[in-house]
Amino acid sequence: MKTAITGGIGSGKSYVCRLLNKQGIDIYDCDAAAKRLMHSSAKLRRQLTQLIGPETYLSDGRLNKAAVAAYLLSSEDHAKAVDRIVHPAVAADFEASGMEWMECAILYESGFDRLVDRVVVVTAPEEVRLSRIMKRDGITRDKALEWLSRQWPQEAVRRLADVEIVNDGVRSLDDQIGALLHQHHNSKTN
């Protein structure tokens with residue numbers, strides 16, 4: 001059974017994935033894979049350079065993050081064009097990895113929900129999320145709100161997901177993760 005862990009910025013999705021790691025669960029990180037593939041895949045390098053221009057990669061071969069960010073932020077169409085190149089490469093890499101778990105912030109936006117059997121969403125109250133983002137990234141409340149507004153609403157993702165883990169600092173994450181792993185184990189033995 002393939003499982004995706006998703007959740008908006010500040011929900012604690014990565015923290016929950018680290019706790020799952022400690023339980024012996026290997027988790028494919030879609031963000032890290034996208035960065036790795038943008039560096040290592042000759043096909044991706046060629047496609048991105050054709051799309052964005054010669055400034056896409058620095059002379060030492062590293063991705064020119066500033067140039068790519070400027071391109072992405074300049075229009076929604078640009079962002080979609082980059083996604084059309086990167087997402088299929090990440091999807092294929094996940095499939096080839098043989099891993100059963102994936103961490104993906106933009107699961108539904110990317111269509112990666114079709115790659116898994118079950119979706120787990122990590123949620124937290126908006127105020128908790130805002131304070132986590134502000135503390136982690138040293139940004140203002142307004143900037144944190146802007147970042148939140150760029151993502152799918154948490155409620156929309158919650159409605160689509162199969163399982164919710166509430167990371168509000170009150171409910172026990174250990175208990176919720178234990179129940180998730182118990183459910184995962186039972187689905188494999190049935």
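Me: Which residues lie nearest the centre of the largest pocket, and how many residues line the largest pocket?
Reply: The largest pocket has a lining of 46 residues, and Asp31, Leu72, Ala105, Ile106 and Gln151 are the ones nearest its centre. A pocket here is an open set of points, on a 1 Å grid over the protein atoms alone, with protein on both sides within 12 Å along at least five of seven lines, whereas a cavity is a set of points where a 1.4 Å probe fits but cannot get out; lining residues have an atom within 4 Å of a point. Please keep in mind that this is a predicted model, in which local features need pLDDT of at least 70 and side-chain atom pairs count only at pLDDT 80 or more, while totals for chains, interfaces and linings use all residues. Residues are numbered from 1 along each chain as its sequence is written, and side-chain values use heavy atoms, with hydrogens and water left out.

Me: How much space lies in the largest pocket, and which helix gives the largest share of its lining?
Reply: The largest pocket holds about 2,000 Å³, a volume being the space filled by probe spheres set on the grid points, which are joined across faces, edges and corners. Helix α5 gives the largest share of the lining, 8 residues, and α1, α2, α4 (65–74), α5 (76–97), α6 and α7 (126–137) each supply at least two. Helices (H or I, at least four residues) and strands (E, at least two) are DSSP runs, numbered from the N terminus.

Me: What about classes in that pocket lining?
Reply: The lining of the largest pocket has 21 nonpolar, 11 polar and 14 charged residues, where Ala, Val, Leu, Ile, Met, Phe, Trp, Tyr, Cys and Pro count as nonpolar, Asp, Glu, Lys and Arg as charged, and the others, Gly among them, as polar.

Me: And how many cavities of 30 Å³ or more are there?
Reply: There is 1 cavity of 30 Å³ or more, and the volume of the largest cavity is about 130 Å³. Its lining has 15 residues, with Gly7, Gly8, Ala105, Trp152 and Val157 nearest the centre, and divides into 8 nonpolar, 5 polar and 2 charged.

Me: Switching to helices, how do α4 and α5 cross?
Reply: The axes of α4 and α5 come within 5 Å and cross at roughly 120°, the axes being lines fitted to C-alpha atoms, for helices over the stretch in contact, with angles from 0 to 180 degrees between N-to-C directions. That makes α4 oblique to α5, since angles under 35 degrees count as roughly parallel, over 145 as roughly antiparallel, 65 to 115 as roughly perpendicular and the rest as oblique. In this contact, Tyr71, Leu72 and Ser74 of α4 meet His78, Ala79, Ala81 and Val82 of α5, contact meaning heavy atoms within 4.5 Å.

Me: At what angle do α2 and α3 pack?
Reply: Helices α2 (residues 30–40) and α3 (residues 42–52) pack at about 85°, with their axes 6 Å apart, so α2 is roughly perpendicular to α3.

Me: Last one: is Lys13 buried or exposed?
Reply: Lys13, which sits in helix α1 (residues 13–22), is buried, because its relative accessible area is 11%; buried means under 20%, exposed over 50% and partly exposed in between, with a 1.4 Å probe and protein chains only. Not counting residues up to four places away in sequence, Lys13 touches Ile5, Thr6, Gly7, Glu103, Cys104, Ala105 and Val122.
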